[in-house]
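User: Could you take a close look at one part of this model for me? I'd like a walk through a single spot and its surroundings.

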Amino acid sequence: MTESTRHSEDSVAGGHYAPENLPTAAPSNHGRTIAGWTLFWGGVVGSLVVGIAFILQNLTLGIVGAAVVVIGCVASAILRALGYGQLERNSGRSA
């Protein structure tokens, strides 16, 4: 077996992986959870407000935008703790 053949077999396209390197299963929701969307929109809105504050050179508005980002992160963490986030699965593998 040549070097290039072996490389293609070990690549993503080749699909040859040892069983211990494969995930147990792909998530069914692809991360589209209430906690995930809360984090996303908190970051988008907060970043937009900070950007506007930067253009207007308004420190107060910048602090408000940063607070929106932080509140979005905290709200997302709380929602995940309440069960509205991605479910964690135990792979059954020992480290």
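Analyst: Let's start with Thr 33: leaving aside residues up to four places away in sequence, Thr 33 touches Tyr 84, Gly 85 and Gln 86. Bear in mind that this is a predicted model. Thr 33 sits in the loop between α1 (3–10) and α2 (34–56), while Tyr 84, one of its partners, belongs to the segment after α3. So is Thr 33 buried or exposed? Thr 33 counts as buried, because its relative accessible area is 11% and the cut-off for buried is under 20%.

Tyr 84 is another story. Its relative accessible area comes to 43%, so Tyr 84 is partly exposed, the class between under 20% and over 50%. Tyr 84 also takes part in a nonpolar patch on the surface, along with Ile 34, Val 70, Val 74, Ile 78 and Leu 82. Together these residues have about 580 Å² of accessible area. Which helix gives the most to that patch? That's α3, residues 59–81, with 3 residues.

While we're on α3, have a look at Ser 76, which is found in that helix. With a relative accessible area of 9%, Ser 76 is buried, because the limit for that label is under 20%. Ser 76 touches Ala 35, Thr 38 and Leu 39, again not counting residues up to four places away in sequence.

Notes: Residues numbered from 1 in each chain as written. Predicted model: local features only at pLDDT ≥ 70, side-chain atom pairs only at ≥ 80, totals over all residues. Heavy atoms only, no water. Patch = residues over 30% accessible without salt bridge, like charges linked within 9 Å, V, L, I, M, F, W, Y side chains within 5 Å. Areas by Shrake-Rupley, 256 points an atom, 1.4 Å probe, with all protein chains shown as cover. Salt bridge = Lys/Arg side-chain N within 4 Å of Asp/Glu carboxyl O. Helix = DSSP H or I, 4+ residues; strand = E, 2+ residues; numbered from the N terminus. Buried < 20%, exposed > 50% of the residue type's maximum accessible area, 1.4 Å probe, protein only. Contact = heavy atoms within 4.5 Å.
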